[in-house]
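Hi everyone, thanks for making time this morning.

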Amino acid sequence: MSTPSAPPPTTAQPTTTAPTASTGAPQPQSGGAPPPGGGSGAPPPGPGTGGGDGGTPQPGGAQQGDTQQPASADNTAGTSDTARQATARPGQGSLRAGLLRTAWTHIGGDRVEGDKIVIHADGERGVVLRALAAGNVDTVRRTFQAPPRWDDVVADAWRRRSVVLRGPGGAGKTAAAVRLLISAQAKAFYLLDSVAELTRLTELKQLGRGAGLLLDRPVDLGELRGSQLAGLEDLLSQAEAHLVLIAGPEAELGHGVGEYVQRIGRPDILHDVLLAHLTHRLGEDDAERALAAVGVQDLCEELLDVAAACRDAARLAEVIGHEHGAGLIDAERVRARMDQTGGEGPEEWFEGLGDTGLRTHAVALAVLGGLPQEYVAMAASTLLDRFRSDRGVLRASVEQGPVPLRQDPFSQSRRMLDEKLRARTVTAVTRGDNGWLPCTVAEYRNPDYPARIIRHAWAQYTIQGELLDWLAELVDKPSQQVRSFAGTALGLIATESFDAVSTLVLPGWIRDEASGEQRREAIAYALRVCARDPDLRPGVRALVEGWYLGGPWQFQAAAARAYGLCLGGADLPTALQALTRLGTVDSVQIAIAIGDAVADLMEEDVRANAPAVLRALAEMAHEPKSRHTGHLAFLILANALVTDEPPAGGLPGRSRPTLLRLAADSPPGGELRRLIGYLWAEAISGEVYSEPAGTVLEAWATQAETDPELLADLVRILVDEVAARSPRAGLLLQRYAAHWTDRDRFRPLPRSAAVLGAALRTAPSARPTQPGGDR
């Protein structure tokens, strides 16, 4: 049941204001006051900002006048249910950011998975770390087999907080590094990409105490010096953290690094590694039965010879476990699966598949690999359908055929298909529209395959039309997971054919009447991939600026999404300036696109970007022409971002609205708290979006209903920063809270209603406001 809309009170409407040092800012006609911060963080009046005079546009700014085409009557602010739907997607921005990282991990080949954490030093750009997947740590914990002299290595390694691990190829150095951190009682595990990032670390507070840092064979390892590791000792000690760097056997180490080196050797035999991994997969009894099967022991001796590596033993355990699960271990099939590449690359392998059904499944696996296997299977079927005709044979755009109208669904099992496609299915926990859930994902065993197969299929066969139509169909589906991966795949194609895709494909997607919003979002995903290429970045910027300057509204909405997802990370001020200017267009769809864009910008780096993003929204809410857009964009932002906090101190994990966390962590009188309070007061008191404001506020209260600490934060912010700022907002808050216990409400919130209502009734009345000054 939707939140009842609170009727506006009949009392006089004083202006909402926040502490500000400015005294000369113009007042909006609707009664709002200048945003907090004295305008110091907002763009100055002039071309390219909300206070433009219609002069010559600056880079990133829109021209005034006839270039901004008005939206249609049913697309203007406050006239559509679209705004209500846009503010009823809790956590959508955080979900989107995580899925895009995962999509690039699987399609782009960036195999360092895990949630991103950005640590900032004063005056420095952020240092990016990624959390090592818990499943990888658990596998090492359960399967690691100590190499010779391991006890001595552990004893010597942690005389300091840092260690450099060396060893021959195939010695299992990565697993040994994780095991070293486990022996140091690391509570969380993070990966860095380079020595350059390591040397910029100046604080580790965001990681909590007891972090384990891992740097695996960085390309700039030769630039590391022993003095740099010595300089990290105090930082690591204060955080109770440990660091392991892995050096390849041929890597040259800098001066002074040698005293940090610990060497490991190859295991004497790999049978113990095989048995440990097989036991982890099957259990002790089934592992013994699998190894006792006819021909398996001889096969293991053959494949795990003196030239084999620890990873080969782990891979053999995976193959034997898969065969055992199918009921019969065929030694020849195991041997074939262990040496399936035959020295050929994915392109030659793809051409040799022959069967069109296998090829379409291979393409679907390249695009959606890493998602639940059901998504891959259904996508493969729909792609295959595009090559059938009414007669049941292939269309002319594909050489090989024919393909019957119907195929025997039992002609080959999942195991047989995985074998032919060099794929695997694994049990995993993935994050989708309904949260983190267990599933079985399908993916290529070799992480190089997805990108190479997508490029090969696009460039070498005359199926471009079918591929693009198929990707559009995937983008149109309601699953955010599928849309994220399909949009990323389109971006990979666009890096090969940017001009063709940008001129022949994207305009039609942008204007699509049925699925324009989803396709504009996917276009931003694609351009995000293109913008990674320095050679394509100027073309991406020119394309987006053309949409921004040239309207109609569909193209300006697409530009807004692109500024949020692919251009704002490199140039935040210009992106926010463009979004602020777009806020003057009276279009609910553009307003929603701006809301999603600012959520994307903030999710990119919450700590660094939040002040600038909130100042831009405050400027929108302050200016009469963009006031309604600012209100809706803020409500989308407040609803879209959530911060998941892991269990700690015996307490379960919890999820907090990111803006509420920022306000609660900001000191009284701090800029972030004042900005959030100002924007809430503006949105609640606004004439157009009071109902969506109630929906978002109720979503916050729902999260706080069973979390006393979160409820205390919520009440404190609403009373001290919203109600104290505006009597009208305070009265509306009381009415919202009163409705949370209505008898016909499907999800009553008695605790939140009681605590907030009592606090509002006993709070001092808001003092009269002085336009442009302090309360």
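Searching the whole structure turns up 30 salt bridges, where a salt bridge is a side-chain nitrogen of Lys or Arg within 4 Å of a carboxyl oxygen of Asp or Glu. Before I go through some of them, please keep in mind that this is a predicted model, so local features need pLDDT of at least 70 and side-chain atom pairs count only at pLDDT 80 or more, while totals for chains, interfaces and linings use all residues. Residues are numbered from 1 along each chain as its sequence is written, and side-chain values use heavy atoms, with hydrogens and water left out.

Let's take Glu318 and Arg424, whose closest N and O atoms are 3.9 Å apart. This pair ties together distant parts of the chain, 106 residues apart: Glu318 belongs to helix H11 (residues 310–325) and Arg424 to strand E8. Helices here are DSSP runs of H or I with at least four residues, strands are E runs of at least two, and both are numbered from the N terminus. Glu318 is buried at 13% relative accessible area, and Arg424 is partly exposed at 24%. For those words, buried means under 20% relative accessible area, exposed means over 50%, and partly exposed is in between, using a 1.4 Å probe and protein chains only.

Next comes Arg627 with Glu687, at 3.0 Å between the closest N and O atoms. Here too the partners come from distant parts of the chain, 60 residues apart, with Arg627 in helix H27 (residues 627–640) and Glu687 in the loop between helix H29 (671–685) and helix H30 (690–704). Arg627 is buried at 6%, whereas Glu687 is partly exposed at 49%. There is also a network, in which salt bridges with shared partners join Arg96, Arg483, Glu521, Arg561, Asp596 and Asp600.

Back to strand E8 for a moment. E8 (residues 423–432) pairs with E9 (residues 435–444) in the antiparallel sense over 10 bridges; for strands to count as paired, DSSP has to find at least two bridges between them. A hairpin of 2 residues joins E8 to E9, and Gly432 sits opposite Gly435 in E9. Glu443 is also in E9, and is buried at 9%. Leaving out residues up to four places away in sequence, Glu443 touches His106, Leu365, Gly369, Gly370, Ala423, Arg424 and Val426, contact meaning heavy atoms within 4.5 Å.

Now, which residues touch the most other members of the largest nonpolar core? Leu527 and Trp680 do, in a core of 152 residues. A nonpolar core is a set of buried Ala, Val, Leu, Ile, Met, Phe, Trp, Tyr and Cys residues joined through side-chain atoms within 4.5 Å. Helix H25 (residues 588–604) gives the most to this core, with 11 residues. Beyond four places in sequence, the contacts of Leu527 include Phe498, Trp547 and Cys566.

That brings me to the cysteines. How many disulfides does a search of the whole structure find? The count is 0, a disulfide being a pair of cysteine sulfur atoms within 2.5 Å. Cys530 is buried at 0%, and its sulfur is 8.4 Å from the closest cysteine sulfur, in Cys566, which is too far for a bond.

Gln185 lies in the loop between helix H5 (173–183) and strand E4 (188–192), and is exposed at 64%. Thanks, everyone!
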